[in-house]
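Welcome, and please take a moment to look over the sequence and the structure. The short tour after them goes from the whole chain down to single residues.

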Amino acid sequence: KAQGAGAIVHLGSNSARYYSPMTGQFGAMKAALVHVIKNWARDAAPHGVRVNAVLPGWIKGENIAKRVAQSARESGTSEAEAEREMARGHDNLYWTPRMGRPEEYASAMAFLLSERASYINGALLPVDGGSPVW
């Protein structure tokens, strides 16, 4: 605020928008973060500071990639098919039949931090391949 400009992007989660019994506490924490982001965005806007969040779905990071590979070996299928099955088993929540890549998530964050997003404030940008949740 003191600088009169800036951009902040928080790491949210698709879990903030969707209840799952397996991740209830995590989802509640991310939903609270979403509420705080909206308040910070409103508070910081008059000072030239933007506050946004990226809400990823399943991101295929290193640990998830290992789980996908193991599942493919165990089921005798390709890694692509194992990944599709894992995504389908997540309540068919994702429209794109694969997980997101870390660089897709990072690109969304870089955009929100850039001048190209200079009029975006208080946004909750889903990076989830499409989803029926709000």
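## The chain as a whole

What you see here is a predicted model. The chain holds four helices and three strands, and along the sequence they come in the pattern β-α-β-α-α-α-β. Taken along the principal axes, the C-alpha atoms fill a box of roughly 55 × 30 × 25 Å.

Of the 134 residues in the chain, 37% are buried. Among contacts with a separation of 6 or more, 73% link residues 24 or more positions apart.

## The sheet

Let us begin with the strands. There are three of them in an open sheet, in the order β1-β2-β3, and their pairing is parallel. At the edges stand β1 (6-11) and β3 (124-127); each has a single partner strand, so one side of each lacks a neighbour in the sheet. On average, neighbouring strands are turned by 25 degrees against each other, direction ignored.

Strands of a sheet pair through backbone hydrogen bonds, in either a parallel or an antiparallel way. For a closer look, take β1 and strand β2 (residues 49-56): six bridges join them in the parallel sense. Within this part of the model, Gly6 is found opposite Val49 in β2.

Two helices lie across all of β1, β2 and β3. One is helix α1 (residues 24-44), which runs at about 160 degrees to β2. The other is helix α4 (residues 102-113), running at about 165 degrees to β2.

## Helix α1 and its two sides

Helix α1 deserves a visit of its own. Its 21 residues reach 30 Å from the first C-alpha to the last, close to the 30 Å expected at 1.5 Å a residue.

Which residues of α1 are buried? They are Gly27, Lys30, Leu33, Val34, Ile37, Ala41 and Ala44. These residues cover an arc of only 115 degrees around the axis, which puts them on the same side of α1.

In soluble globular proteins, nonpolar side chains tend to be buried together. In this model, the largest nonpolar core has ten residues: Ala16, Leu33, Val34, Ile37, Ala41, Ala44, Val49, Val51, Ala53 and Leu55. Both α1 and β2 supply at least two residues of this core, and α1 gives the most, with five.

## A closer look at Phe26

Is Phe26 buried, exposed or partly exposed? This residue belongs to helix α1. Its relative accessibility is 37%, so Phe26 counts as partly exposed, because that label covers values between the 20% limit for buried and the 50% limit for exposed.

Which residues does Phe26 touch, leaving aside its neighbours within four places in sequence? Phe26 is in contact with Ser13 and Ser15. Gln70, by comparison, lies 44 residues from Phe26 in sequence and 25 Å from Phe26 in space, C-alpha to C-alpha.

Technical notes
Residues are numbered from 1 along each chain as its sequence is written. This is a predicted model: local features need pLDDT of at least 70, side-chain atom pairs count only at pLDDT 80 or more; totals for chains, interfaces and linings use all residues. Side-chain values use heavy atoms; hydrogens and water are left out. Two strands pair if DSSP finds at least two bridges between them. Axes are lines fitted to C-alpha atoms, for helices over the stretch in contact, and angles run from 0 to 180 degrees between N-to-C directions. Contact means heavy atoms within 4.5 Å. A nonpolar core is a set of buried Ala, Val, Leu, Ile, Met, Phe, Trp, Tyr and Cys residues joined through side-chain atoms within 4.5 Å. Buried means under 20% relative accessible area, exposed over 50%, partly exposed in between (1.4 Å probe, protein chains only). The expected span of a helix is 1.5 Å times one less than its number of residues. The arc is that of the directions from the helix axis to the C-beta atoms.
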